[in-house]
Amino acid sequence: MAEIPGITITGASGRMGQMLLKTVLDSDRARLVGAVERSGHPWVGRDVGEAMGSQANGVIVTDDPLEAFAISQAVIDFTAPSATLEFAALAAQARAVHVIGTTGMSDAEIAQLEPASRHAVIVRAGNMSLGVNLLTKLTEKVAAALDADFDIEIIEAHHHHKVDAPSGTALMLGEAAAAGRGVQLAEVRDSGRDGITGARNRGDIGFTAIRGGDIVGEHDVLFAAAGERIILRHMATDRGIFARGALKAALWGQTQKPGHYNMMDVLGL
């Protein structure tokens, strides 16, 4: 029987990093072989299990990503855009599947992933949950069925630590709505309203971001017309759904050819 895939987690000490570590350690379909943190971080050089306040597991946190990637079949990465671009090149060099849950990446930064995707599998998504990806598909279908008499607003809420807005998931939903209408999101995006903004333009897709407390993630897609509203909603109450989706993507990627994929590909939607 083939050896189960070895996984490295980047940004190991963060909220998502620790959730990913736990998810891989608890899985019987993957094994943890690496944990990466930035140079100077207090976790570097420590056993990752002990660093998390648990039992030692023999995986030592490193600040050398290539060293970790070289012994991995997949890298799961929920960090920052600049770090993700560096990791993409190194994961491609190691021919490891690179699962990217990093949000806040610009179109230009996403385009910079292309060279790496010619040599290794990249699975990138604004959200790794099954429910959100189903919501994305539904959003596209509803947007395609309704004309511009229905205003579209993406309303998202997250914890007060989140640094980017709109969320990657909100933008993913906006892209789906725009695709349903046959337009480019950049041409109809309306966000950051403040002051005397004037009336809403017909056909615009709006974004509203809420930040507070420990909200894991909530997304509404509102279709509003005269006399009626349709609301599609997803609420996450456990960050583990994202970690489980990311692991699913890492395992799926083991049998794929090099390329740039998303969770729709992983789920066959």
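Which elements each supply at least two residues of the lining of the second largest pocket? They are α5 (107–111), α7 (130–145), α8, α9 (185–188), β12 (259–261) and α11 (263–267). This is a predicted model, in which local features need pLDDT of at least 70 and side-chain atom pairs 80 or more, while totals for chains, interfaces and linings use all residues. Residues are numbered from 1 along each chain as its sequence is written, and side-chain values use heavy atoms, without hydrogens and water.

On terms: a pocket is an open set of points on a 1 Å grid over the protein atoms alone, where a 1.4 Å probe fits, with protein on both sides within 12 Å along at least five of seven lines; lining residues have an atom within 4 Å of a point. Helices (H or I, at least four residues) and strands (E, at least two) are DSSP runs, numbered from the N terminus.

In that second largest pocket, α8 gives the largest share of the lining, six residues. Of its 29 lining residues, Ile110, Arg124, Leu171, Met172 and Glu175 lie nearest the centre.

The largest pocket has a volume of about 930 Å³. Its lining has 38 residues, and Arg15, Met16, Phe78, Thr79 and Thr103 are the closest to its centre. Two or more residues come from each of α1 (15–26), α4 (81–94) and α8 (168–181).

Now α4. Its buried residues (under 20% relative accessible area, 1.4 Å probe, protein chains only) include Leu85, Phe87 and Leu90. After α4 comes Arg95, with a positive phi near 60°.

Terms used:
Points joined across faces, edges and corners; volume = space filled by probe spheres on them. Buried < 20%, exposed > 50% of the residue type's maximum accessible area, 1.4 Å probe, protein only.
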